[in-house]
Amino acid sequence: MGGWRTLSLQARQLLAASLALVAFLGLTGYALDRAFVETAQNALRERLSDLAIAYLQESELDRGRSFIPPDPPLDSRLMSPGSGLYASVRGEGMRWDSASSLGRSLPPVEFLEPGALRFEGPLSIIDARGTENSVYAYSMGVIWVSANDFHLTLSVYEDAAQIQDQVNVFRRALWGYLGLAALLLVLLQILVLRWSLLPLRNVERELARVRHGHSQRLSGRHPRELESITESINSLIESERSHLERSRNTLSDLAHSLKTPLAVMRSRLDADADDQQLRSDVAAQVQRMNEIVSYQLSRAARSGHALYSAPIEIEPRAEEIVAGLEKVYAGKGVLCEFDIDASARFHGELGDLQELLGNLLENAFKWANRRVLLSVQVEPASPNRRPGVIFAVDDDGPGIPADQVERMLQRGVRGDERVHGHGIGLSIVQDIVAAYRGELTVEKAPELGGGRFRVRFPPAF
């Protein structure tokens, strides 16, 4: 069973096509063979019928009811013993056999009613040497009017070997041509399979080039059926490389950020400071280092996303975040409204969704006067893509001037130094949006009049 599972696609298709081809040609050959045999038998029946009718027309029956055959005979074979063509007449107290039946034991024939016809065979006959042969028999029941309505049955026999010889010749030709056709079709099938599977072999070669570092991604020149696969592979390659690069950057940033606190502590240890001052300075630097490590680890955890994550329902997560924020900003009396499409889903990691909604909503609560609006819409996609999703967070605060948007999105920049915060929330949002290849835009809220942060994640494979 394991051998079947390891067969290549080309071998599987060639095996399946070959089995189907053999079955088709076998059934075709059988049908043609049966049709030829039936045609040959029908031709023999017509030939024997014509001979029997002509034989009766040319024959006579004397007053003693003796059968007098045509002279000369209608077929010379009827005069040659063992010629393969025989005739016999049966009547009440009368029997006549052709000279060709000498030394042959013809099969008994049932008396037929006047006008009755019968074609049967092959029937067995035994010659003078005891050899058994086969014949086809055509019989007809007649009434001889001139002999006072004498009832008799005429039978004409012909050796079955003649038909069998014809059938054998036909079968040799038929199966020879069908075998040749099968060979040509198999060769054609191999060529067609190699041509049709060429794109898959190209993908395999391109993957090998990527694996050995000779190429950065798969090319975009592939049949339509493989586009979603190659795009997904390219997305996976880019996501993996992006994740590795961000991990390296995070480690570099962490090392660089820790250099200063470590240098401060080293200088304080070398400065012979008193214990109280030293403890205070070390505690401050340790706290700073703890914040740096926490932040960098948090950012590293968000630095990548699963390419094929299960879809996450958005509204329950948003309700959890808003419930906490309404408590924090209870003194301002800010309320958040939802306009969320029930079919909207986030295709990514739960932590990224929580960070995205948490930072956007917290920013809106921070600047809102009374109202915040969270809108989530679905962006339709083609059947082979998953739908996109659009987040929009509006507030009724002062808004952000257009010339300040770029500055506000920089890391560490706050819109108002009097407002508590570190200025990294929107930067985290940008990192998440970039990781999912989305778009972040800042504009004026159309209904509430304040700021609107709009995040769009386009349809993807």
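Student: Which side chain meets that of R77 in a salt bridge, and how far apart are the N and O atoms?

Tutor: Before reading any distance, keep in mind that this is a predicted model. In general, side chains of opposite charge can pair when their charged atoms come close. Here the side chain of R77 meets that of D75 in a salt bridge, at 3.3 Å from N to O. R77 itself has a relative accessible area of 26%, and therefore counts as partly exposed.

Student: Which residues are linked with R77 in a network of salt bridges?

Tutor: The network links R77 with R47, D75 and E158. For the protein, the count of salt bridges comes to 11.

Student: Where does E158 lie, and which residue is its bridge partner across the strands?

Tutor: The general idea is that strands of a sheet pair through backbone hydrogen bonds, either parallel or antiparallel. In this structure E158 is in strand 7, and its bridge partner is Y136. Strand 6 and strand 7 (residues 150–159) run antiparallel and are joined by 10 bridges.

Student: How many bridges pair strand 5 with strand 6, and in which sense, parallel or antiparallel?

Tutor: Strand 5 (residues 117–126) pairs with strand 6 (residues 132–144) over 8 bridges, in the antiparallel sense. To locate this pairing in the model, you can look at E120, which stands opposite A137 in strand 6.

Student: Which residue forms a salt bridge with E379, and why does the pair tie together parts that are apart in sequence?

Tutor: E379 forms a salt bridge with R456, and the closest N and O atoms are 2.9 Å apart. Because E379 lies in strand 11 (residues 371–379) and R456 in strand 14 (residues 451–457), the pair ties together parts that are 77 residues apart in sequence. For accessibility, the cut-off to apply is that buried means under 20% relative accessible area. E379, with a relative accessible area of 18%, is therefore buried, and R456, with a value of 18%, is buried as well.

Student: In what order do the strands of the open sheet run, and which strands stand at the edges?

Tutor: The open sheet is formed by 5 strands in the order 9-11-12-14-13, and the pairing is mixed. Strand 9 (335–340) and strand 13 stand at the edges with a single partner strand each, so one side of each is left without a neighbour in the sheet. If direction is ignored, neighbouring strands of this sheet are turned by 15° against each other on average. Within the sheet, strand 11 and strand 12 (residues 388–395) run antiparallel and are joined by 8 bridges, and S375 stands opposite A392 in strand 12.

Student: Where does N363 lie, and with which residues is it in contact once its neighbours within four places in sequence are left aside?

Tutor: N363 lies in helix 8 (residues 350–367). Once those sequence neighbours are left aside, N363 is in contact with L426 and F453. N363 counts as buried because its relative accessibility is 12%.

Student: At what angle do the axes of helix 3 and helix 4 cross?

Tutor: The axes of helix 3 (residues 160–196) and helix 4 (residues 198–211) come within 4 Å and cross at roughly 45°, which makes helix 3 oblique to helix 4. At this contact R194, W195 and S196 in helix 3 meet L198, P199 and R201 in helix 4, and the residues divide into 3 nonpolar, 1 polar and 2 charged.

Student: How many helices and strands are there in the protein, and what share of its residues count as buried?

Tutor: There are 10 helices and 14 strands, and 36% of the 461 residues count as buried. Among contacts with a separation of 6 or more, residues 24 or more positions apart account for 62%.

How values were computed:
Residues numbered from 1 in each chain as written. Predicted model: local features only at pLDDT ≥ 70, side-chain atom pairs only at ≥ 80, totals over all residues. Heavy atoms only, no water. Axes fitted to C-alpha atoms, helices over the stretch in contact; angles between N-to-C directions. Helix = DSSP H or I, 4+ residues; strand = E, 2+ residues; numbered from the N terminus. Parallel < 35°, antiparallel > 145°, perpendicular 65-115°, else oblique. Contact = heavy atoms within 4.5 Å. Nonpolar A, V, L, I, M, F, W, Y, C, P; charged D, E, K, R; others polar. Buried < 20%, exposed > 50% of the residue type's maximum accessible area, 1.4 Å probe, protein only. Pairing = 2+ DSSP bridges. Salt bridge = Lys/Arg side-chain N within 4 Å of Asp/Glu carboxyl O.
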